[in-house]
Amino acid sequence: MRRQYDEDLFEDSKMTFGQHLEELRVALFKAILALVAGFIVGLIFGNQIVSWIQAPLKVALLNHYQQIGKVDHQRHVEEILAGGGTPVYSTEQVNDLLENQGMIYERVYIYAPEVWKQLRGKFPDQIPEVSLPPAADSAETEQQPATTDAQSATPPLNQKDMIPLMLWKPALEDTRVQVTSLRVEDSFVTYIKAALVAGAIIASPLIFWYIWSFVAAGLYPHEKRYVFVYLPFSLTLFLAGAAVAFFFAISFVLDFLFWFNRQMGVDPTPRINDWMGFVLLLPLGFGISFQLPLVMLFLERIGATSIQLYKEKWRIAVLVICIVAMLLTPADPQSMMLMAVPLVILYFGGILLCRVMPRQTSPFGETAD
């Protein structure tokens, strides 16, 4: 049965244009106040927020230089064994220091005779006299320009007199594992960005509520009921996607990118400002993509598609999801799978959602097709 259209249906929500503008101004003002309050809270905890955001990058940097250390030590051991020597540290000892004890090292080369001479000056009783290289013969001496006493007292530099040393230090004290800034103001800008993002997240329930209170005035009662159901659902999906990106996908993305740097022989120097942009972009892409069930429900609601079509074309849908995941994530397969697999699950969840919440009636009581 169709219900006769009632012109008084909008009677309770009639407003003049000026009243609409006033309602919009009030809603925006309240939303901005909520954002400012959240921003102040973000400023109070700014250092903790920045440290938390940097954590995945520092872990990836540590893993990067640990892998470099393992390869460097293995190459060094092979060189020593080829020369008939015995390595000072075994591979197991080095791996234990790197992986279990939080240490990291950098290999440097020093001039052995000079260091020996300095040690003998400090510990004459324990350090024997250094044996300097033999003097050049007279014929070579005549051809060489005259040298000062200071120059003649210093033995010539020879590559064979250079010895490698492993300079160990706690990983957290190594400057290579620290995030740097290119400009003086980068740290301040990053602090403000982090506080603003945190403030927006903290204030988001109030911001959505104030904006919704303005929009709801022009909706039918049944439309308001749908928004009360879908809006929390949408927020939950967005936060779930962002959490998957930050807590899981970013680590795989960084490991892949640093692996690629090692293959290219490039040592990365991450900038805090660039990292802030990257760490916000990837979760944003994941959060938006996780809205798939609601998009499917919306398309089914407006009659653009049907549940039967979703079920028939699921293979094509899975292929499209994989392509989208490939485009929205870096080239590593792990992060692509971390987006594609949940989206495939959400696709079938969208079919289930359309079944649980089918179209029923139009705004005027007409039975939907």
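Trainee: Is F348 buried, partly exposed or exposed, and what is its relative accessible area?

Mentor: This is a predicted model. Buried means under 20% relative accessible area and exposed means over 50%. F348 falls in between, so it counts as partly exposed, with a relative accessible area of 38%.

Trainee: Which residues form one aromatic cluster with F348?

Mentor: A search of the whole structure finds eleven aromatic pairs. In one of the pairs, W52 and F247, the ring centres are 6.1 Å apart and the planes are at 55°, so this pair is tilted. The rings of Y347 and F348 have centres 5.6 Å apart and planes at 85°, so that pair is edge-to-face. The cluster that contains F348 also holds Y310, W314 and Y347.

Trainee: How many residues apart in sequence are the parts that the pair of W52 and F247 ties together?

Mentor: W52 is partly exposed, at 48% relative accessibility. W52 belongs to helix α2 (residues 46-82) and F247 to helix α8 (residues 221-264), so the pair ties together parts whose separation in sequence is 195 residues.

Trainee: Which helix gives the most to the nonpolar patch on the surface?

Mentor: The patch has about 870 Å² of accessible area together, and its residues include L21, F45 and I202. Patch residues need over 30% relative accessible area. L21 is partly exposed at 46% and lies in helix α1. With eight residues, the helix that gives the most to the patch is α1.

Conventions. Residues numbered from 1 in each chain as written. Predicted model: local features only at pLDDT ≥ 70, side-chain atom pairs only at ≥ 80, totals over all residues. Heavy atoms only, no water. Patch = residues over 30% accessible without salt bridge, like charges linked within 9 Å, V, L, I, M, F, W, Y side chains within 5 Å. Areas by Shrake-Rupley, 256 points an atom, 1.4 Å probe, with all protein chains shown as cover. Salt bridge = Lys/Arg side-chain N within 4 Å of Asp/Glu carboxyl O. Helix = DSSP H or I, 4+ residues; strand = E, 2+ residues; numbered from the N terminus. Buried < 20%, exposed > 50% of the residue type's maximum accessible area, 1.4 Å probe, protein only. Phe/Tyr/Trp six-rings, centres within 6.5 Å; stacked < 30°, edge-to-face > 60°.
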